[in-house]
Amino acid sequence: MFAVRRGRLLRQVRLKDGRTYTQHCTLEVFEAVAQLVEARREDGVTTNELWSALPDLPCTQISIALAFLKDRGCVETSGRRSHAASATLYEDALMEFHYLVHVTARGT
């Protein structure tokens, strides 16, 4: 489950034993991931390639951003490779992020 609070993308994770915890991703990391996936549209990317290409960014945040892009249909996967679902992935990603901001704000 995803939400946005205080400008951060949040992912609620439920463990097998029922406990939950929240992971977060900043908008800056989210944008960097979206830009890179769009730039590598032809070949696609793997999570490890994203981590290597964005060494100054937290791996967990990169993974959250990619999971959100997959969840929203902005990214399609084939095996381990993720490909932009459109030629305007970056714009699509930001639209989904800001839509979630709006939906989250209405729900609180």
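What follows is a set of questions and answers on a predicted model of the protein.

Reader: What makes up the secondary structure of the protein, and in which order do the elements run?
Author: There are four helices and five strands. From the N terminus the order is β-β-β-α-α-α-β-β-α.

Reader: How many of the contacts join residues at least 24 apart?
Author: Take contacts between residues at least 6 apart in sequence; 55% of them join residues at least 24 apart.

Reader: What makes strand 2 and strand 3 a pair?
Author: A pair needs at least two bridges. Strand 2 (residues 8-14) and strand 3 (residues 20-26) have seven, in the antiparallel sense. They therefore pair.

Reader: Which residue takes a positive phi in the hairpin of strand 2 and strand 3?
Author: Glycine 18 does, with phi near 95 degrees. Five residues lie between the strands of this hairpin.

Reader: Where is arginine 6, and what is its phi?
Author: Arginine 6 sits in the loop between strand 1 (2-5) and strand 2. Its phi is positive, about 55 degrees, although arginine 6 is not a glycine.

Reader: Why is arginine 6 called exposed?
Author: Exposed means over 50% relative accessible area. Arginine 6 has 86%, so it counts as exposed.

Reader: How do you know that cysteine 25 is in no disulfide?
Author: A search of the whole structure finds zero disulfides. For cysteine 25, the nearest cysteine sulfur is that of cysteine 59, 12 Å away. A disulfide needs the sulfur atoms within 2.5 Å, so cysteine 25 is in none. Cysteine 74 gives a like result: the nearest cysteine sulfur, that of cysteine 25, is 13 Å away.

Reader: Why are cysteine 25 and cysteine 74 called buried?
Author: Buried means under 20% relative accessible area. Cysteine 25 has 0%, so it counts as buried. Cysteine 74 has 6%, so it is buried too.

Reader: How do you know that the length of helix 3 is close to the expected one?
Author: Helix 3 (residues 59-71) has 13 residues. From first C-alpha to last, helix 3 reaches 18 Å; at 1.5 Å a residue, 18 Å is expected. Just after helix 3, glycine 73 takes a positive phi of about 80 degrees.

Reader: Which residues of helix 3 are buried?
Author: They are Gln61, Ile62, Ile64, Ala65, Leu66, Ala67, Phe68 and Leu69.

Reader: What makes threonine 46 a buried residue?
Author: Its relative accessible area is 7%, under the 20% cut-off, so threonine 46 is buried. Threonine 46 lies in the loop between helix 1 (27-39) and helix 2 (47-53).

Reader: Which residues is threonine 46 in contact with, leaving aside neighbours within four places in sequence?
Author: Threonine 46 is in contact with Arg80 and Arg81.

Definitions and conventions
Residues are numbered from 1 along each chain as its sequence is written. This is a predicted model: local features need pLDDT of at least 70, side-chain atom pairs count only at pLDDT 80 or more; totals for chains, interfaces and linings use all residues. Side-chain values use heavy atoms; hydrogens and water are left out. Helices (H or I, at least four residues) and strands (E, at least two) are DSSP runs, numbered from the N terminus. Buried means under 20% relative accessible area, exposed over 50%, partly exposed in between (1.4 Å probe, protein chains only). The expected span of a helix is 1.5 Å times one less than its number of residues. Contact means heavy atoms within 4.5 Å.
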